[in-house]
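I opened this model to look up its charges and a few backbone details. My notes follow in the order I took them.

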Amino acid sequence: GSDPAVTEAAADIYHSREEKREARLGIQFNDWLKLSGTLELEQSVSRTYLLGGILSSQDNSLFTTAELALELTLTHTLSSEWLLEYDEQDNELSLDEASINWETAFGELSIGQLYIPFCIYYSNFIRGPQLEIAETSALALAITYELMDDVDLSVFALRSDIHKISRTKSELDWGAQLEMKFFHEQLQCGIAYLSDLAESDQEILSAYANAYQQRVAAWNLFSILRQSNWEASFETVWATEQYSELPTNQN
């Protein structure tokens with residue numbers, strides 16, 4: 001057979017997981033198998049001074065994460081992706097994603113361990129801003145439909161690990177995202193909804209046995225403006241109400 005082809009990174013700066021996929025350096029072994037990966041490094045330097053200009057402490061930290069992806073093309077419409085991630089900070093190797101994806105005439109359907117399309121636009125740093133508290137990975141089903149050129153609607157359902165105090169049986173949570181692109185994708189913006197913020201990877205109710213008295217939904221707004229030599233991004237997440245289980249300063 002022919003030698004494996006090395007694919008070049010298609011993007012250097014990425015905000016979403018889809019853009020990160022395009023940025024991976026990969027090896028195409030044949031028509032149905034591709035191996036790719038990314039390596040991220042972030043250095044943080046902080047210094048603390050006492051009054052009078054005396055240096056009291058200094059912290060110089062290097063953070064590293066590595067991802068290895070296996071992409072299988074099963075048919076011209078069916079594919080599968082498996083993603084391993086190593087986080088040096090947690091010293092943990094985990095299966096970050098494992099999905100089966102089906103391209104149809106109506107859009108794309110994905111099922112498996114997924115990052116749902118909610119709060120998926122993150123910073124260029126390994127340790128993201130506090131709003132990434134809403135990033136959610138779960139056993140889920142997601143459907144993305146192209147309403148028109150550069151306008152996509154995604155709907156999803158996920159298996160819930162959170163339950164009401166009066167009920168032990170898990171329920172399904174759900175949500176949706178509307179994404180729009182303008183001016184040849186120079187401007188990208190959207191809005192998303194999640195029925196239960198406690199589903200996020202931060203496990204904000206883990207200290208309360210992942211149980212609540214009342215489900216709390218959340219909204220997400222994002223926008224990215226790209227130019228030839230600069231870009232600006234905006235994102236906000238807010239809950240529709242407070243969890244009665246959490247102290248006031250944590251809501």
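**Entry 1: a negative patch**

I began with surface charge. Glu22, Glu146, Asp149, Asp150 and Glu185 form a negative surface patch. I kept in mind that this is a predicted model.

Asp149 sits in the loop between strand 8 (137-148) and strand 9 (151-159). Asp149 counts as exposed, because its relative accessibility is 64% and the cut-off for exposed is over 50%. Asp150 is found in the loop between strand 8 and strand 9. At 34% relative accessibility, Asp150 counts as partly exposed.

I also checked the backbone at Asp150. Its phi is near 65 degrees, a positive value in a residue other than glycine.

**Entry 2: the chain as a whole**

I stepped back for the totals. How many helices and strands does the secondary structure of the chain come to? I noted 1 helix and 15 strands. The chain has 251 residues, and 36% of them count as buried.

Next came contacts. I took those between residues at least 6 apart in sequence, and 48% of them join residues at least 24 apart.

The accessible surface of the chain comes to about 15400 Å². Carbon and sulfur atoms account for 55% of that surface.

**Entry 3**

I searched the whole structure for salt bridges and noted 3. I took them one by one.

Arg24 and Glu71 meet through their side chains in a salt bridge, at 3.9 Å from N to O. This pair links distant parts of the chain, 47 residues apart. Arg24 is in the loop between helix 1 (17-23) and strand 2 (25-28), while Glu71 is in strand 4 (residues 55-73).

Is Arg24 buried or exposed? I found it buried, with a relative accessible area of 3%. Glu71 counts as partly exposed, at 25% relative accessibility.

Arg24 has another partner. Glu81 forms a salt bridge with Arg24, and their closest N and O atoms are 2.9 Å apart. Here too the pair links distant parts of the chain, 57 residues apart. Glu81 lies in strand 5 (residues 78-87), and Arg24 is in the loop between helix 1 and strand 2. Both Glu81 and Arg24 are buried.

**Entry 4: the pair at Asp173**

I moved on to Asp173. Asp173 forms a salt bridge with Arg215, with the closest N and O atoms 3.4 Å apart. Asp173 lies in strand 11 (residues 172-182) and Arg215 in the loop between strand 13 (211-212) and strand 14 (218-226), so the pair ties together parts that are 42 residues apart in sequence.

I compared the burial of the two partners. Asp173 is buried, with a relative accessible area of 0%. Arg215 is partly exposed, with a relative accessible area of 24%.

Which residues do salt bridges with shared partners join into one network? I wrote down Arg24, Glu71 and Glu81.

**Entry 5: another positive phi**

I went on with the backbone and looked up His184. Phi of His184 is near 60 degrees, a positive value in a residue other than glycine. His184 is placed in the loop between strand 11 and strand 12 (187-194). Why does His184 count as exposed? The reason is its relative accessibility of 81%, since exposed means over 50%.

**Entry 6: two C-alpha distances**

I finished with two pairs. Ala23 is found in helix 1. Ala23 counts as buried, at 12% relative accessibility. I took the spacing from Ala23 to Thr38: their C-alpha atoms are separated by 7.9 Å, and the residues are 15 apart along the chain.

For the other pair I used His76. His76 is in the loop between strand 4 and strand 5. I noted His76 as exposed, with a relative accessible area of 79%. What is the C-alpha to C-alpha distance between His76 and Trp32? I found 9.7 Å, with the two residues 44 apart in sequence.

Key:
Residues are numbered from 1 along each chain as its sequence is written. This is a predicted model: local features need pLDDT of at least 70, side-chain atom pairs count only at pLDDT 80 or more; totals for chains, interfaces and linings use all residues. Side-chain values use heavy atoms; hydrogens and water are left out. Patches are made of residues with over 30% relative accessible area and no salt bridge: like charges are joined within 9 Å, nonpolar side chains (Val, Leu, Ile, Met, Phe, Trp, Tyr) within 5 Å. Accessible areas come from the Shrake-Rupley method with a 1.4 Å probe; for residues, only the protein chains shown count as cover. A salt bridge is a side-chain nitrogen of Lys or Arg within 4 Å of a carboxyl oxygen of Asp or Glu. Lys and Arg count as positive and Asp and Glu as negative; His and the chain ends are not counted. The place of a charge is taken as NZ of Lys, CZ of Arg, CG of Asp or CD of Glu. Helices (H or I, at least four residues) and strands (E, at least two) are DSSP runs, numbered from the N terminus. Buried means under 20% relative accessible area, exposed over 50%, partly exposed in between (1.4 Å probe, protein chains only). Contact means heavy atoms within 4.5 Å.
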